[in-house]
Amino acid sequence: MPENVSISLVSKKKLSAMSSKEKVSYILDEVKQDKILVLEVGLDAREEASLIERTMVEIDPDAFIGIEMESYKDDAPRDIFGRFKKAAGQGSSRASMTVVGPADRLKTIRKDGSSIQAMILGGERKKRVSR
Amino acid sequence: MGLVAVLKSGTFAKWLRRMFGKEHAKIGIYGPPNAGKTTLANRVVRDFAGDVMGPASPVPHETRRVRKKANVEVKANGSSLTLDVVDTPGIATKIDFHEFMEVYGMDEDEARRRAKEATEGVIEAIRWLEDVDGVILVMDANEDPFTQVNVTILGNLEARKKPVIIAANKIDMPNASPAALKNAFPQHPVVPMSALTGYNMDALYETMIKTFR
């Protein structure tokens with residue numbers, strides 16, 4: 001029997017109210033509870049690196065093997081100020097949208113510059129070898 | 001010493017390099033597991049220092065600690081640059097010890113130990129991003145370029161304004177598509193090469209001297 005999988009769409013408003021550290025903790029806490037998150041506004045590059053680093057610390061071979069995360073960047077600033085900032089190397093490297101979930105529940109099928117196709121893996125979890 | 005003698009001795013050129021560019025740079029070799037980072041590091045170090053960095057293997061996460069080789073003088077087309085070469089563990093978002101058992105036939109203890117060391121290696125590699133002056137990002141030219149690890153590493157280097165070269169590795173394989181990497185990351189120099197066969201290493205060395213000086 002497939003287990004239930006929870007998907008949360010997290011608003012820009014909620015994410016904007018958090019510090020980088022809070023965002024990383026929030027994402028990791030949710031993912032460790034088997035939730036898949038779709039973030040309306042993704043993480044910036046340093047936050048992504050911090051999330052990977054924290055994920056490595058939290059890996060438990062018998063319960064949590066890591067995360068699957070995919071995002072895409074908005075490379076073309078629409079307004080003139082955004083273009084100037086990008087030209088000056090000050091543009092944000094923040095992802096436009098990010099999907100993140102437990103690595104044994106979420107699998108990326110295809111990704112290009114503007115879309116992400118992912119599959120949620122059903123069925124029972126792979127049985128962990130107990131020691 | 002007269003002006004002509006100074007120019008001939010190369011002192012002036014050295015002074016110019018010190019004023020306007022680096023004479024000695026710490027270069028990190030980064031990428032996802034199994035992209036060929038250690039094979040490339042070995043190739044660079046063997047070509048210019050007659051040594052190797054460490055063992056390379058088809059099993060992911062063979063390199064689980066950062067390795068350094070100091071004072072490697074890379075030469076190409078009459079120019080040179082002295083580098084400290086830093087070979088880093090592959091960066092990943094997930095590590096499952098089952099993969100080492102099921103795909104690579106390791107026993108459980110060995111697989112668990114490797115997975116644990118691999119997580120520590122990823123953390124060490126990410127922390128080293130602060131310390132390097134530039135990066136050779138090794139990507140497998142046979143794989144999708146838009147992986148999260150590639151995007152995250154590039155984003156971090158761009159945010160830190162550090163120079164990066166993309167080494168489009170494994171172009172000796174039949175499905176290699178270095179053009180896909182060039183199209184994916186037009187803002188960075190992309191050098192199609194094979195660390196295993198040594199194909200196009202001269203072009204990589206020229207690009208390294210140009211980019212990291």
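**Briefing: sheet, core and interface of a predicted model**

In β2(A), A:V10 has A:L39 as its bridge partner. This is a predicted model, in which local features need pLDDT of at least 70 and side-chain atom pairs count only at pLDDT 80 or more, while totals for chains, interfaces and linings use all residues. Residues are numbered from 1 along each chain as its sequence is written, and chains are lettered from A and ligands numbered from 1 in the order in which they are written. Helices (H or I, at least four residues) and strands (E, at least two) are DSSP runs, numbered from the N terminus.

**Strand pair in chain A**

- Strand β1 (residues 6-10) of chain A pairs with strand β2 (residues 35-39) of chain A in the parallel sense over five bridges; two strands pair if DSSP finds at least two bridges between them.
- The count of buried residues among the five residues of β1(A) is zero. A residue is buried if 20 or more other C-beta atoms lie within 10 Å of its own, exposed if 12 or fewer, and partly exposed in between, with C-beta atoms placed from the backbone.

**Overall make-up of chain B**

- Chain B has eight helices and six strands, which follow one another from the N terminus as α-α-β-α-β-β-α-α-β-α-β-α-β-α.
- Of its 213 residues, 42% count as buried.
- Among contacts in chain B between residues at least 6 apart in sequence, 70% join residues at least 24 apart; two residues are in contact if their C-beta atoms, placed from the backbone, lie within 7 Å.

**The sheet of chain B and its helices**

- Six strands of chain B form an open sheet with mixed pairing, in the order β2-β3-β1-β4-β5-β6.
- β2 (67-76) and β6 (190-192) of chain B stand at the edges with a single partner strand each, so one side of each is left without a neighbour in the sheet.
- Neighbouring strands of this sheet are turned by 30° against each other on average, direction ignored.
- Strand β1 (residues 24-30) of chain B pairs in the parallel sense with strand β3 (residues 79-87) of chain B over six bridges, and B:K26 stands opposite B:D84 in β3(B).
- Helix α3 (residues 37-49) of chain B packs on the sheet, touching β1, β2, β3, β4 (134-140) and β5 (164-169) of chain B, and its direction makes about 60° with that of β2(B). Axes are lines fitted to C-alpha atoms, for helices over the stretch in contact, and angles run from 0 to 180 degrees between N-to-C directions.
- Helix α8 (residues 201-212) of chain B lies across β1, β2, β3, β4, β5 and β6 of chain B, at about 100° to β2(B).

**Nonpolar core**

- The largest nonpolar core has 76 residues, of which B:I27, B:I91, B:L137, B:I166, B:A167 and B:A168 touch the most other members. Such a core is a set of buried Ala, Val, Leu, Ile, Met, Phe, Trp, Tyr and Cys residues joined through C-beta atoms within 7 Å.
- α5(B) gives this core its largest share, six residues.
- Beyond its neighbours within four places in sequence, B:I27 is in contact with residues including B:L83, B:V85, B:V135 and B:F212.

**Interface between the chains**

- 23 residues of chain B are in contact with 25 residues of chain A.
- On the side of chain B that touches chain A, the elements giving two or more residues are α4 (97-102), α5 (108-128) and α6 (148-159) of chain B.

**Positive phi values**

- B:N71, in strand β2 of chain B, has a positive phi near 55° and is exposed, with 11 other C-beta atoms within 10 Å.
- B:K161, in the loop between α6 and β5 of chain B, has a positive phi near 55° and is exposed, with 8 other C-beta atoms within 10 Å.
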